[in-house]
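My notes follow the structure.

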Amino acid sequence: PDSLSLYHSWFCHWYISLTILHCLFFQSSYSSPVAADFYPLSESLTFHDGGRQCVNISIVTGDALENVEKFSVVLSTRDERLEIKRYYATVYIVEDGTVRIGFSQIVYQVEEEDENGEGSIVEICVEAGDLDRDVNVYVTTSSQTAIAGEDYSDVLAELRVLKFKFQRRRRFIGSITEEQCFNVTILSDPFVEEDEVFLVQLSTDDSGVVLSPEEAEVVILNNDIIVQMELAEYNVCEGVGSLMVCAAVTGRTVTSSFTLATNPGTATAPEDYEDVSLEVVGEQIPCLSITIKDDMERESCDETFTVVLSTSDPSVIIVSPNTSTVTIYDNEEPRIEFINNTPDSTGFNISSEFQIEGCINQTMCTIRQTGESIACQNSASFTQERNGARTLIITASGVCGNSQTLSRILRSDVPVCDVHQINGGVEQATVDGNSATVLFEGTGPSVDNVVTDFGLSIRRASANIVTGLMCSTAATQAPSPFTVTCSVDNVGHGEVTVSGFDSSGTWAIAVRPIEPSVDSRLCRRRIERTFTFDI
């Protein structure tokens, strides 16, 4: 009949896009032979910025009485940017008088929880048209990403049967004689999940009934609201002004509510911060502004308080971290105080102990005379080259950007070996023409307090002319123009004669002890003996 052809011949697919998309529209046959029951169609549809388009499929009419037949209309595309959600539709060709029963809509959406935090209920309706007899329809469910018994109650377990009663004959296909609805209970859980889907399906024992659409999709929208602190820790300095502490919210927040509030620790209000709280409702920005104060007093390096999440809303789930710890660093200038300065037994290795108060980020120690950087915290150890003073410079950098630098002169009395003249300390040589003779005795921190090896230098007007000469138990010859004869006995008595002075004036012979078992730094410069004479 024409009315049947008209009713089943218009099908369309629409897709919204900001670009031009192409769809190839065609159909394939199932139980209905092509050309015997409908005319084949292959048509290309072009969508500009979305829209809605329809195609007309002609149904072949006939006088023969047949069972319900069907064919499909299929969408395909070569455009990789296009995702086809529903790529086919089923067309049923029914004889006049066939009963059509189906879901009133093919997609139902329901939130997981109602306003009381309990599981929601979704109402699903089935429509029956052209009833000429009583028909029973059975409802079942099919789990997809939503699982029966965990995410929803299975209507099959309740033996759901819909009984449609005949009222009066309808002449036009599509006229609705009855609608029946039933409820499916959604089961709430405390988990954060993606939206989940299950199917509701119709079946019947009556072969003369066309079920279309025989399947509906139920989408469970997860409306659990998950709240946690954005950061577990915040670090600030005294007097910074204000600190913004925020929560992170996942899920729908139209009607949700929770509270952010400060809680004292070693830092207390109102001395260190301002005690505040905030109730966050709906889509309000979940951030708490806290004033951090400066008490202008030196105190422990850091103090802490917390910001805590709480709620009485059953739809809000608070997860870890549910507390943020705020650390306030003291911004007072560091204080450095020397305690003592201790050399070791040699006098060259020195340990300096000091104390630093305040919030310290880094401590640097340097020796001014050498530029040497040394590790230090509350003490520093270094080595000095010889008897004398060193200046230790300590710089303490505070966490909050302030710093203090302090220098301290450190001195140690380094034990030295000594060289004595046998002539009672008069540092003069015996001169004979262009020759000079020096007698000396060496004592020092060595075995039996005796030095037997000496170094010699020949000078004029305080300037070295010859250096690197050795005087020991064996005689030593110096290069031209000087001749050097030296002897030392085993108790440290030495005699050196230098000849070959080629010009008159004031000359000098310098003697210094060399003892291999003693640190060479013990016998330098200050312990040297210089014997002057005139030629």
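Predicted model: local features only at pLDDT ≥ 70, side-chain atom pairs only at ≥ 80, totals over all residues.

**Disulfides and their surroundings**

Cysteine 471 came out at 0% relative accessibility, so I logged it as buried. These residues form a disulfide, cysteine 471 to cysteine 486, with S to S at 1.2 Å. Cysteine 471 belongs to strand 36 (residues 463-471) and cysteine 486 to strand 37 (residues 483-488), so the link ties together parts 15 residues apart in sequence.

I then searched the whole structure for disulfides and got six.

Next I checked cysteine 125 and cysteine 181, which are joined with S to S at 1.9 Å. Cysteine 125 sits in strand 9 (residues 121-129) and cysteine 181 in strand 12 (residues 176-185), so this pair ties together parts 56 residues apart in sequence. I noted a torsion of about 100 degrees about their S-S bond, so the disulfide is right-handed. Cysteine 125 is buried at 10% relative accessible area, whereas cysteine 181 is partly exposed at 36%.

I also looked up the disulfide from cysteine 301 to cysteine 359, where S to S is 2.2 Å. Its S-S bond gives 130 degrees, and the link is right-handed. I placed cysteine 301 in the loop between strand 21 (287-292) and strand 22 (302-310), and cysteine 359 in the loop between strand 26 (349-357) and strand 27 (360-367); the two are 58 residues apart. Cysteine 301 is partly exposed at 26% relative accessibility, while cysteine 359 is buried with a relative accessible area of 2%.

Terms used. Residues numbered from 1 in each chain as written. Heavy atoms only, no water. Disulfide = S-S within 2.5 Å. Helix = DSSP H or I, 4+ residues; strand = E, 2+ residues; numbered from the N terminus. Buried < 20%, exposed > 50% of the residue type's maximum accessible area, 1.4 Å probe, protein only.
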